[in-house]
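Please find below some notes on the model you asked about. They are set out as numbered points, to be read alongside the structure.

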Amino acid sequence: MSAAAVEHPCEDEPELSLLEEANELAEQLPGRRVEIIGGVITVAPPPDGPHARALTKLMRPFIAAGLDDGDSVVLQGIGLWLPGGPEDYAIPDLALVDADLDAHRLDNNCYDPAVFRLVLEVTSSNYKSDLRHEVAVYAEAKIPVYVILDRKHSRVHVLTEPVGGTYDRHEVYAPGQQAPLPESIGAEVTLDVAELIGAGRAKSSQSADSSPSADSSPSGD
């Protein structure tokens, strides 16, 4: 999910740290995702139904591969502390993490990036953030695998081998293809691109005469 930058409070208000300001916004805007990326507070709207449906579909192959038991767990909306700034953190849509993550909790209910094996984002309105800005921050955090379900362009991106602020390997898969993930995550997992893209699309309503409606485009464009 992507987000827009937020204005800072008025100058006559008591000065808050960036983290305090982000937490205030989170309390004022329940259901929205508040993050600090590159020293900038961002707020994402609540996910729509197709976004949530795609996430459910995405969890299934990880669970079927046994990655939600034993030494790893699959979680939605868990905080990831970022090394790019003193108060930076992100909340990826989905993450595969080591099962002992509770021993690696840092500030603000966020966790050490070392326990993250994979993060995954499903694009929303500001898809460029997932495809550009978050590539850099996740690579800087040395997240081994970053997966993007790009609903606007009907693609699945699999990025691996983080180096500096980028990933050395970037594979792109289209509907009709299977997107294999590296076995380094702990098991063999392959994503069905057509199934995921279909789940991330708004369902077309039928007209009164029950004639089929035109194919819907991916939501979140």
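The points that follow take up the basis of the model, a helix, a sheet, a pocket and some single residues.

1. The model is predicted, so local features are reported only at pLDDT of at least 70 and side-chain atom pairs count only at pLDDT 80 or more, while totals for chains, interfaces and linings use all residues. Residues are numbered from 1 along each chain as its sequence is written, and side-chain values rest on heavy atoms, with hydrogens and water left out.

2. Helix 1 spans residues 18–28, and its buried residues are Leu-18, Leu-19, Glu-21, Ala-22 and Leu-25. These residues lie on the same side of helix 1, because they cover an arc of only 160° around the axis, the arc being that of the directions from the helix axis to the C-beta atoms. Buried here means under 20% relative accessible area, exposed means over 50%, and partly exposed lies in between (1.4 Å probe, protein chains only). Helices (H or I, at least four residues) and strands (E, at least two) are DSSP runs numbered from the N terminus.

3. On the face of helix 1 turned away from its buried side, the exposed residues are Glu-27 and Gln-28. The cover over the buried residues of helix 1 includes strand 2 (33–37), strand 3 (40–44), strand 5 (79–81) and strand 6 (89–90).

4. Six strands form an open sheet with mixed pairing, in the order 4-7-9-10-11-12. Strand 4 (72–76) and strand 12 (166–173) stand at its edges with a single partner strand each, so one side of each is left without a neighbour in the sheet. Neighbouring strands of this sheet are turned by 15° against each other on average, direction ignored. Two strands are taken to pair if DSSP finds at least two bridges between them.

5. Within that sheet, strand 7 (residues 94–98) pairs with strand 9 (residues 116–122) in the antiparallel sense over four bridges, and Leu-96 has Leu-118 in strand 9 as its bridge partner. Helix 2 (residues 49–64) packs on the sheet, where it touches strand 4, strand 7, strand 9 and strand 10 (145–150), and its direction makes about 150° with that of strand 9. Axes are lines fitted to C-alpha atoms, for helices over the stretch in contact, and angles run from 0 to 180 degrees between N-to-C directions.

6. Which parts of the chain each supply at least two residues of the lining of the largest pocket? They include helix 1, strand 2 and helix 2, and the largest share, four residues, comes from helix 2.

7. Thr-160 sits in strand 11 (residues 155–163) and counts as buried at 12% relative accessibility. Apart from neighbours within four places in sequence, Thr-160 is in contact (heavy atoms within 4.5 Å) with Pro-144, Val-145, Tyr-167, Asp-168, Arg-169 and Pro-182.

8. Glu-161, also found in strand 11, has a positive phi near 60° in a residue other than glycine, and Glu-161 is partly exposed, with a relative accessible area of 42%. Asn-109 likewise has a positive phi, of about 60°, although it is not a glycine; Asn-109 is found in the loop between strand 7 and strand 8 and is partly exposed at 48% relative accessible area.

9. Ala-103 lies in the loop between strand 7 and strand 8 (110–111) and is exposed, with a relative accessible area of 64%. Ala-103 and Val-115 are 12 residues apart in sequence and 9.7 Å apart in space, C-alpha to C-alpha.
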